[in-house]
Structures are given as C-alpha cells and as structure tokens.
Amino acid sequence: MRETDFVSGFARGLKVIEAFGETRQRLTIAEASKLTGLDRATVRRSLLTLSELGYAVFDGKFFTLTPKILRLGHAYLAATPLPIIIQPHLDQLAERAGQNASASVLDGTEVVYIARASQRRVMSINLTPGSRLPAFCASMGRVLLAALPESEARSVLERTDLKANTPNTKTDPEELMAEFRRVREQGYAVIDQELEIGLCSIAVPVENDRGQTVAAINIGAPAAYVAAAEMAERFLPLLKETQKALRLVLP
C-alpha cells in the first residue's frame with residue numbers, strides 16, 4: 001500500500017475503539033490516551049466523533065460504546081458465510097458431546113469466536129461470537145498457529161504477550177513452537193488448564209475443499225469431568241466427523 005493511501009485519522013479512531021473491552025467498558029480521555037499511546041487531543045476528537053455518530057455516549061467524564069458499534073462486527077459476520085455454515089454443525093456437535101463447542105478464526109495474536117454452541121458454563125468469562133482469547137494458550141489458537149508456516153507462527157509469538165494465565169500455561173517460545181509441530185503432526189490440540197484452571201479443551205482445524213485451514217472448532221469440558229488425557233478418546237471422533245462434514249460444504 002502506498003503511504004498516500006493510508007488514512008491516519010481513521011487508523012487512530014479504530015485504535016481508540018479497540019481500547020474498550022470487557023474490563024474497560026467506560027473510559028476517560030486520559031485512560032484511552034494511556035491505553036492507545038495517542039495524545040489526549042487526538043483521543044478527545046476521536047471519542048467526540050464517535051459520540052456524535054452514535055457509536056459512543058459521554059456523561060461528562062466517561063465515554064461508553066453504544067450497541068451501534070455492533071454494526072461493525074455484524075458487517076464481518078454478514079459478509080462471510082463461515083458462521084452461518086458452521087453454526088448448525090456446531091449445534092449438533094455440542095449436543096452429541098454434551099459439552100460446549102466453538103469455532104474461531106485467527107486475528108493477529110488472538111482467536112476470535114465466530115460461532116458457539118453452549119451446553120454449560122465452564123469458564124469464568126462468557127464467550128460469545130466476537131469474544132477474543134490469546135491464541136498461544138487456546139486449543140483453537142494452537143491449531144490455527146500450527147497451520148501457519150513456522151516463520152509466521154514464530155512472528156505471532158514474538159508479538160504476543162506470553163503471560164501465564166495459570167501454572168500450566170506454556171510460555172516458552174521454543175516449547176510452543178515444538179507444540180505447534182506436534183499439533184500439526186497429530187491433527188489436533190489439547191489444552192490442559194492453560195487458559196483457565198478447571199478447563200480442558202480439544203480442537204481440530206476446519207479446512208475447505210482445497211485443504212486450506214479457514215477456521216478451528218473445539219470442545220471444552222470441565223477438568224473435573226474429563227481429564228485432558230481423556231479428551232482425544234472422548235471427543236476427537238466427534239470433532240473429526242464435524243471436520244469432514246464441513247470440508248464438503250465450505251467454499
């Protein structure tokens with residue numbers, strides 16, 4: 001892209017939107033400035049513009065995003081057939097497994113949930129389409145990173161905050177690269193309470209009819225109910241059936 005094609009003001013506005021999150025639902029100009037690294041004047045103009053367009057509200061101190069912001073995410077969901085195609089298969093998978101099933105895609109250093117079928121609440125956070133998790137310690141993230149060329153996977157790790165969420169979380173880049181190779185060879189990834197204590201999950205890649213990995217699907221279960229060592233035996237056949245069915249219908 002040519003430098004003259006880059007709209008810096010638009011880029012800064014998007015950065016301000018991304019400063020909001022589940023634990024940052026209300027932000028002052030100073031807080032948004034600190035989170036984005038942008039100067040206060042720029043942040044103020046961006047937030048006031050969002051407010052004027054109806055994407056945010058301002059109470060005199062705090063800015064809060066409005067439901068209108070969901071239109072931006074809906075535009076992606078409406079433009080891609082993936083969630084629509086995957087959802088009924090995911091519903092069937094969750095029902096047969098008796099556990100939660102999810103689908104996600106890779107976005108930078110994170111996985112973004114595009115579909116979900118819930119049977120029970122197993123995580124402290126409520127995961128829905130649009131939710132994000134760090135890719136390196138999530139089962140779907142491991143599958144999606146394993147599908148990348150090693151140089152790209154390593155680049156993602158270099159840009160990732162390799163924070164230990166639990167004592168089980170693998171954070172060493174070389175150990176993670178070795179894990180990606182193992183996942184690539186066996187065709188699935190199992191996470192043993194690396195994302196959150198009490199949660200195990202198993203994921204497989206979702207490929208189109210050309211063999212390209214376009215997403216990942218997983219099953220999550222309470223560790224007290226299914227140990228990580230038993231995840232493959234219990235759920236891999238169901239995941240592989242769904243994987244095969246999706247390959248026949250994905251463009």
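## Burial and S102

A residue counts as buried when its relative accessible area is under 20%, as exposed when that area is over 50%, and as partly exposed in between. The model is predicted. S102 has a relative accessible area of 0%, so this residue is buried.

S102 is part of strand β4, which runs over residues 100-107. Leaving aside residues up to four places away in sequence, S102 touches L90, Y113, A115, R116, M140, A216, I217 and N218. I86 is 16 residues from S102 in sequence, and the C-alpha atoms of I86 and S102 are 9.4 Å apart in space.

## The chain as a whole

The protein chain contains 9 helices and 9 strands. Its radius of gyration is 20 Å, close to the 18 Å given by the globule rule for 251 residues, so the chain is as compact as a globular protein of that length. Along the principal axes, the C-alpha trace spans about 55 × 40 × 35 Å.

Of the 251 residues, 43% count as buried. Contacts between residues at least 6 apart in sequence include 57% that join residues at least 24 apart.

## Surface and charge

The accessible surface of the protein chain is about 13,400 Å², and carbon and sulfur atoms account for 52% of this area. The chain carries 30 positive and 29 negative side chains. The centres of these two sets lie 5 Å apart.

## Helix α2

Which residues of α2 are buried? In this helix, formed by residues 29-36, they are A32, S33 and T36. Viewed down the axis of α2, the buried residues fall within an arc of 105°, so they line one face of the helix.

The cover over these buried residues includes α1 (8-19), β1 (26-27) and α3 (40-52). Just after α2 comes G37, which takes a positive phi of about 80°.

## Q193 and backbone geometry

Most residues other than glycine have a negative phi. Q193 is a residue other than glycine with a positive phi, near 55°. Q193 is located in the loop between β7 (189-192) and β8 (199-207).

Is Q193 buried or exposed? Its relative accessibility is 19%, and the limit for burial is under 20%, so Q193 counts as buried.

## D172

D172 belongs to the loop between α7 (150-158) and α8 (173-186). With a relative accessible area of 39%, D172 is partly exposed. G9 is 163 residues from D172 along the chain, and 37 Å separates the C-alpha atoms of the two.

## A232 in helix α9

Helix α9 covers residues 228-249 and includes A232. The relative accessibility of A232 is 19%; this residue therefore counts as buried, the limit being under 20%.

What does A232 touch, not counting residues up to four places away in sequence? Its contacts are Y188, I202 and P237. A232 and G98 are 134 residues apart along the chain, and their C-alpha atoms are separated by 15 Å.

Notes
Residues numbered from 1 in each chain as written. Predicted model: local features only at pLDDT ≥ 70, side-chain atom pairs only at ≥ 80, totals over all residues. Heavy atoms only, no water. Helix = DSSP H or I, 4+ residues; strand = E, 2+ residues; numbered from the N terminus. Rg over C-alpha atoms; globule rule 2.2 N^0.38 Å. Buried < 20%, exposed > 50% of the residue type's maximum accessible area, 1.4 Å probe, protein only. Contact = heavy atoms within 4.5 Å. Areas by Shrake-Rupley, 256 points an atom, 1.4 Å probe, with all protein chains shown as cover. Lys, Arg positive; Asp, Glu negative; His and termini not counted. Charge placed at Lys NZ, Arg CZ, Asp CG, Glu CD. Arc of directions from axis to C-beta.
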